[in-house]
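Have the sequence and the 3D view open as you read.

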Amino acid sequence: MSKNNESHKSKIGGQALIEGVMMNGVHKGAMACRLPNGEIDLEVWDKKPVTAWYRKTPLVRGMFNFVISMKEGYSCLMKSAEKQMDDEEIEEDEKLSDKAMNIIMGIVMVLSLVLAVGLFVFLPKWIVNFADFLTVNRFVRSLAEGIIKIAIFIGYLGFTVVMKDVRRTYEYHGAEHKTIACFEAGLELTVENVKKQVRFHPRCGTSFIFITLFISILVMCLVPFTVVWQRMLSSIILLPLMVGISYELIRIAGRYDNLFTKILSAPGLYIQRLTTREPDDKQIECAIAAMKPCIPEDLEEDKW
């Protein structure tokens, strides 16, 4: 890439881990973690070609790709946490069977889902129900619910920033973004080149969530129900549509650079000031290590 020094809109995406970074390319996926002894542990795996119609059809593919991405990301996150354990913790962990671990992971995911539904589906609708002036029509009501959801989202992110371990993960998040930006700028993947890049990226998951919250306002304006449980049920039923629209918009934001995409990306890029931090050299080294195996030999396969 550095030979022709051309700008390149890449499909490669990533995720910050515990003391590491995961990257997903067209043919390869990789995760690089800084071990307690200071070494970088690198895992690389082959990715199966996407052939299923529901993962390629616009609007439909969004929900499926989002769920698969969340599952893969969660698995890598757990692996990265295990790599930070000492010998005693590893022995304790090995006492748990794979079946028991899967049950525990399943319970955690269910509780997380319940919490998300409570915070972003039930709570905003319940709060709005107490203000008569916000329930005069479905448009005002949907706008009020959306504003509350966005406020909860930003408040949650602001709370996590004060947590030391999470702030460090946000530094790896910044390293991930800056490394992808360096590659897309056509520069050689070195620590010096990566450090010069901005840590905000239009295809970030933070931007995706914000766009989904905004789209929910527009979609819920079409729902005529006023009873809280009816609006909750409508939100859950319409969630695949909201995610599908948001997924297509985030793809457009990552592919094009024009006035529309700049307006579309602006709120998410601003919120990334909370979810990313400037990384140090060692964190950038991890991101570069995870990035390199994911770059295909033929860059045409990696273009949007």
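Is G20 buried or exposed? G20 is buried, with a relative accessible area of 0%; buried means under 20% relative accessible area, exposed over 50% and partly exposed in between, with a 1.4 Å probe and protein chains only.

## Ground rules

Keep in mind that this is a predicted model, where local features need pLDDT of at least 70, side-chain atom pairs count only at pLDDT 80 or more, and totals for chains, interfaces and linings use all residues. Residues are numbered from 1 along each chain as its sequence is written, and side-chain values use heavy atoms, with hydrogens and water left out.

## Around G20

G20 sits in strand β2; strands are DSSP runs of E with at least two residues, helices are runs of H or I with at least four, and both are numbered from the N terminus. Setting aside residues up to four places away in sequence, G20 touches A32, C33 and Y172, where contact means heavy atoms within 4.5 Å. G20 and T169 are 149 residues apart in sequence, but their C-alpha atoms are 8.0 Å apart in space.

## The whole chain

Zooming out, the chain has ten helices and four strands. Read from the N terminus, the order is β-β-β-β-α-α-α-α-α-α-α-α-α-α. The radius of gyration is 21 Å, close to the 19 Å that the globule rule gives for 304 residues, so the chain is as compact as a globular protein of that length. That radius is taken over C-alpha atoms, and the rule is 2.2 Å times the number of residues to the power 0.38. Along its principal axes, the C-alpha trace spans about 60 × 50 × 40 Å.

Buried residues account for 39% of the 304. Take the contacts between residues at least 6 apart in sequence: 69% of them join residues at least 24 apart. The chain exposes about 17000 Å², with carbon and sulfur atoms supplying 63% of it; these areas come from the Shrake-Rupley method with a 1.4 Å probe, and for residues only the protein chains shown count as cover.

As for charge, there are 36 positive and 36 negative side chains, and the centres of the two sets lie 9 Å apart. Lys and Arg count as positive and Asp and Glu as negative, while His and the chain ends are not counted. Each charge is placed at NZ of Lys, CZ of Arg, CG of Asp or CD of Glu.

## Aromatic pairs

How many aromatic pairs does a search of the whole structure find? It finds five. Rings of Phe, Tyr and Trp (its six-membered ring) pair if their centres lie within 6.5 Å; planes under 30 degrees apart count as stacked, over 60 as edge-to-face and the rest as tilted. F66 and F208 make a tilted pair, 5.4 Å centre to centre with 35 degrees between the planes. F66 lies in helix α1 (residues 61–82) and F208 in helix α7 (residues 205–220), so the pair ties together parts that are 142 residues apart in sequence. F66 is partly exposed at 29% relative accessibility, whereas F208 is buried at 10%.

W126 and F130 have ring centres 4.9 Å apart and planes at 85 degrees, so this pair is edge-to-face. W126 is partly exposed, with a relative accessible area of 41%, and F130 is exposed at 60%.

Coming into helix α1, look at L59, in the loop between β4 (40–46) and α1. L59 has a positive phi of about 75 degrees although it is not a glycine, and it is partly exposed at 45% relative accessible area.

F64 lies in α1 itself and counts as partly exposed at 38% relative accessibility. W53, Y54 and F64 form one aromatic cluster. Leaving aside neighbours within four places in sequence, F64 is in contact with Y54 and R55. F64 and P240 are 176 residues apart in sequence and 8.7 Å apart in space, C-alpha to C-alpha.
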